[in-house]
Structures are given as C-alpha cells and as structure tokens.
Amino acid sequence: MTPARSVWPAPAKLNLFLHIVGRRPDGYHELQTCFQFVDLCDEITIEVRADGQIRRALDISGLPENEDLCIRAARALKEAAGLTLGANISLLKRIPIGGGMGGGSSDAATCLVALNRLWSLNWPPERLAALGLKLGADVPVFVHGRVAWAEGVGERLTPLYPPLAPDEPNYLILKSNVFVSTTEVFQDPELTRNSAPITIDGFLASGGRNDCLGVVRRRYPEVARALDWLSLFGAARLTGTGACVFLACETMDFGQEIMRKMPPEFEGFLARGLNDSPLLEGLRAG
C-alpha cells in the first residue's frame, strides 16, 4: 500500500558543458548540454490530503507560496489529472539557490514523480515531463532521471548509457555569495549565440565549454574569483549560468584538502557524480 506520508530526494545537477548554438524567433536559445546528477539533494516531505488542498507545510523565507515550484507542480498535476486529493508539502533546501544546479526544477520534478505515485496516477514519465516543461526547461531531465545529452531549450533529451555515459567522479563545488540571474545572462548582448553544433562523440573527445562563462565573469566578479581560485587545483568549470563552479576530484580526500584551504567568502560542497538519479533509484526500490 502506498504510504500517505513520505520523504523524497531532489538531486542537484551539473552542466558538464553548455553551448549556445542559436536563438529562436520567440527569444529562447537553442542549447547543447550534458546534464549529470550529483548526490547533493533537497529533501521533500509529502503528506496526502483527502480534502483536495495543496498546502506548503513550512514557509520559506523570500519565496511566496504561489511562486514555489513544488506547490506549482503539485497544483498543475492535480488540475491536469482532475483529482480530488491534495497534499501537504515541506521542503528542506540543501542545493544553493541561484547556483546553476537546478534546485527549483529538481524540486518540481520530485513533486511530480512523488505525487504520481502517492496519488496512484501511474502516468508515464513522458507525460509528467511534458507537464513539467511548462514549469521549467530543466524539469524533464529530473523527471526521467538519467544522465542525458540535451538540445533545444534543454528539453530534447538523449539518455546516455555505456560507453557514452560520462564517468561518475567526485566533485568539489564552490558557490560565492552572489545570486546569478539566468535571465540577465541570456539577455546580455555579448553572450555567444552562434557556437557550431557538436556531436556526443565530439563532446566526449573535447569536453566542450560553457558559452555563458564570459558574461558571468564580467557581470559577477565573485564567480570569477571562485573559478580562478578553484582552477589552481585543476580544470574548474561553471555549471549552467552559475553561480556554482566545480572541479572533478580523484578522491574525496583531495577535495577535503582543497576545502581546508578555501577562502571564507566561498561555500563548499563535496558530492558524487551520478548517472542515475537517487529519486528514481528510490522509486524503483519502493
């Protein structure tokens, strides 16, 4: 029997590269990227209600309930399914807000996947992903839960399996004390918008780059400092539009050694790269 109250993980993601290959007439950008999950997770607790109400059990400072992607996802699914059930939803945030790690999109996806189970809807992932796309371009990859090559606005996904799947390294992730506006980055007139499309094999051979990096460096010197400092220890990269930067580490011990030297203005996390989302791992385990 499906439990009335349960706890679900909402993992962060990293963009292993990000190329902008064009701009559409509607103003959105055509992207190529590779999404990989990490085991840094928000935690979402859901309790089914019989009265049909969708309520946030805990307030989140600076985030009104109507703007909370968890609540919006739950209400969208309830309306689309025509249900009389509801839910109490509480969110424990661990993923940095405004860090380019997809926390809000992951939270929305986890709510869709969890409520699909708790409300006994049995919708296929494709249907949940289509609904989630209306909430954010990154929601579908979290719904599907597999490391993926992404194109379009990030919604056209090709899951990657061996031998094309990337390694699952340890990552050291740094966030400076700044919130990066994705909208401002993508509206910047100096943003590179004409990168030549590459193939999956081409990415695996070259590693790609992040076309947002130049704009983020100029607009957010705090992120530039974090990237420059982390680059002292290896090939540091920017995820999404930032503000988080990351470095693959051969061992967790090496990552911890770097963190001991970390300047106080940065926040640091150690995480493991994952090609399968812990959300779907938990779903399969019941």
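Modeller: Gladly. Two strands pair if DSSP finds at least two bridges between them. Keep in mind that this is a predicted model.

Colleague: What makes strand S5 (residues 148-152) and strand S6 (residues 156-159) a pair?

Modeller: The requirement is at least two bridges, and four bridges join S5 to S6, which run antiparallel. They therefore count as paired. Within the pair, Ala150 stands opposite Leu157 in S6. The two strands form a hairpin with three residues between them, and Gly154 in the turn has a positive phi of about 115°.

Colleague: Why is H2 called largely enclosed?

Modeller: Because 14 of its 16 residues are buried, the rest of the structure largely encloses H2. Take Ser106, which is found in this helix. Its relative accessible area is 1%, and buried means under 20%, so Ser106 is buried.

Colleague: Which residues does Ser106 touch, leaving aside its neighbours within four places in sequence?

Modeller: Ser106 is in contact with Ala10, Pro11 and Phe142.

Colleague: What does H2 give to the largest nonpolar core?

Modeller: That core has 41 residues, and those with the most contacts inside it include Ile44, Leu77 and Leu112. H2 supplies the largest share of this core, eight residues. Another core, of 28 residues, lies apart from it, with Val223 and Leu247 among its members. Returning to Leu77, its contacts beyond four places in sequence include Leu112, Leu115 and Trp119.

Colleague: On to charges. Why is the pair Asp188 and Arg219 called a salt bridge?

Modeller: The closest N and O atoms of Asp188 and Arg219 are 2.9 Å apart. The cut-off is 4 Å, so the pair qualifies. Asp188 lies in the loop between helix H5 (182-187) and helix H6 (200-206), and Arg219 in helix H7 (residues 213-219), so the bridge ties together parts that are 31 residues apart in sequence.

Colleague: Are these two residues buried or exposed?

Modeller: Asp188, at 3% relative accessibility, is buried, whereas Arg219, at 35%, is partly exposed. Both belong to a network of salt bridges that also links Glu184, Glu190 and Arg218.

Colleague: What makes Glu281 and Arg284 a salt bridge?

Modeller: Their side chains meet at 2.7 Å, N to O, and the limit is 4 Å, so they count as one. They are three residues apart in helix H10 (residues 278-285), hence separated by about one helical turn. An α-helix has 3.6 residues a turn, so residues three or four places apart point the same way.

Colleague: Why is Arg284 called exposed, and Glu281 partly exposed?

Modeller: Exposed means over 50% and buried under 20%. Arg284 has a relative accessible area of 57%, so it is exposed. Glu281, at 38%, falls in between, so it is partly exposed.

Colleague: And how many salt bridges are there in the whole structure?

Modeller: A search finds 18.

How values were computed. Residues numbered from 1 in each chain as written. Predicted model: local features only at pLDDT ≥ 70, side-chain atom pairs only at ≥ 80, totals over all residues. Heavy atoms only, no water. Buried < 20%, exposed > 50% of the residue type's maximum accessible area, 1.4 Å probe, protein only. Core = buried A, V, L, I, M, F, W, Y, C linked by side-chain atoms within 4.5 Å. Contact = heavy atoms within 4.5 Å.
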